[in-house]
Amino acid sequence: MNINHRSSLRVRYAETDLMGFVWNGVYNTYFEIGRTEVMRYLGLTYSELEAKGIQLPLIESYARYIQPGKYDDVLEVETNIVYEGGVRLKFEYNILRDNSTITKGYTLHTFIDSVSKKPIKPPKEFLDVWEKLN
């Protein structure tokens with residue numbers, strides 16, 4: 001089983017390009033909003049993980065643009081966490097406008113020790129939440 005969460009945002013003018021569409025690089029920021037909020041929903045904020053010496057660097061990213069987002073659109077970032085054991089954590093995203101997907105993608109992260117920068121097992125807090133919700 002996976003964990004799914006939705007976050008809302010409104011497209012700001014500064015996030016659009018000359019065509020009036022959300023600039024492609026901004027979608028990674030939207031992915032980050034979804035990722036941060038789903039972790040907060042689980043009670044595992046990035047700041048708490050980092051205070052414990054754990055980081056989650058990005059090791060892969062993918063986006064497929066289906067329809068353009070536009071200035072002042074209200075978008076929903078649907079974020080699904082996929083964890084299959086090990087040191088990697090995948091976040092899958094659907095960005096929706098009026099319940100219709102306009103962009104989908106994923107980011108892949110690995111848990112690392114903040115000092116050694118070497119991969120580590122997920123913290124007990126994450127595993128406990130994961131087990132409880134699955």
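This report walks through a predicted model, from its confidence to its sheet, its helices and its salt bridges.

## Model and confidence

This is a predicted model, in which local features need pLDDT of at least 70 and side-chain atom pairs count only at pLDDT 80 or more, while totals for chains, interfaces and linings use all residues. Residues are numbered from 1 along each chain as its sequence is written, and side-chain values use heavy atoms, with hydrogens and water left out.

The chain has a mean pLDDT of 94, and 99% of its residues reach 70 or more. Here pLDDT is the predictor's confidence in each residue, from 0 to 100. Confidence is lowest in H3, with a mean of 86, and highest in E6, at 98. Where pLDDT is low, the predicted coordinates should not be read in detail.

## The sheet

Helices (H or I, at least four residues) and strands (E, at least two) are DSSP runs, numbered from the N terminus. Five strands form an open sheet in the order E1-E4-E5-E6-E3, with antiparallel pairing. Two strands pair if DSSP finds at least two bridges between them. E1 and E3 (58-65) stand at the edges with a single partner strand each, so one side of each has no neighbour in the sheet. On average, neighbouring strands are turned by 20° against each other, direction ignored.

E5 and E6 (residues 100-110) run antiparallel and are joined by 10 bridges. Asn94 has Lys104 in E6 as its bridge partner. Helix H1 (residues 26-41) packs on the sheet and touches E1, E3, E4, E5 and E6. Contact means heavy atoms within 4.5 Å. The direction of H1 makes about 130° with that of E1. Such axes are lines fitted to C-alpha atoms, for helices over the stretch in contact, and angles run from 0 to 180 degrees between N-to-C directions.

## Tyr41 in helix H1

Tyr41 is found in helix H1. At 52% relative accessibility, Tyr41 counts as exposed. Exposed means over 50% relative accessible area, buried under 20%, and partly exposed in between (1.4 Å probe, protein chains only). Tyr41 touches Ile3 and His5, not counting residues up to four places away in sequence. Gly86 is 45 residues from Tyr41 in sequence and 22 Å away in space, C-alpha to C-alpha.

## The two sides of helix H3

Phe126, Val129 and Trp130 are the buried residues of helix H3 (residues 124-133). They sit on the same side of H3, because they cover an arc of only 100° around the axis. The arc is that of the directions from the helix axis to the C-beta atoms. An α-helix has 3.6 residues a turn, so residues three or four places apart point the same way.

The buried residues of H3 pack against E1 (3-10), E4 (74-82) and E5 (88-97). On the other side of H3, Lys124, Glu131 and Lys132 are exposed.

## Salt bridges

The whole structure holds seven salt bridges. A salt bridge is a side-chain nitrogen of Lys or Arg within 4 Å of a carboxyl oxygen of Asp or Glu. One of them joins the side chains of Lys52 and Glu125 (2.5 Å, N to O). Lys52 lies in the loop between H2 (46-51) and E2 (54-55) and Glu125 in H3, so the pair ties together parts 73 residues apart in sequence.

Asp128 and Lys124 also form a salt bridge (2.7 Å, N to O). Both lie in H3, four residues apart, about one turn of the helix. Asp128 is partly exposed at 40% relative accessibility, and Lys124 is exposed at 59%. Arg12 and Glu15 meet in a salt bridge too (2.5 Å, N to O). Arg12 is exposed at 52%, whereas Glu15 is buried at 7%.
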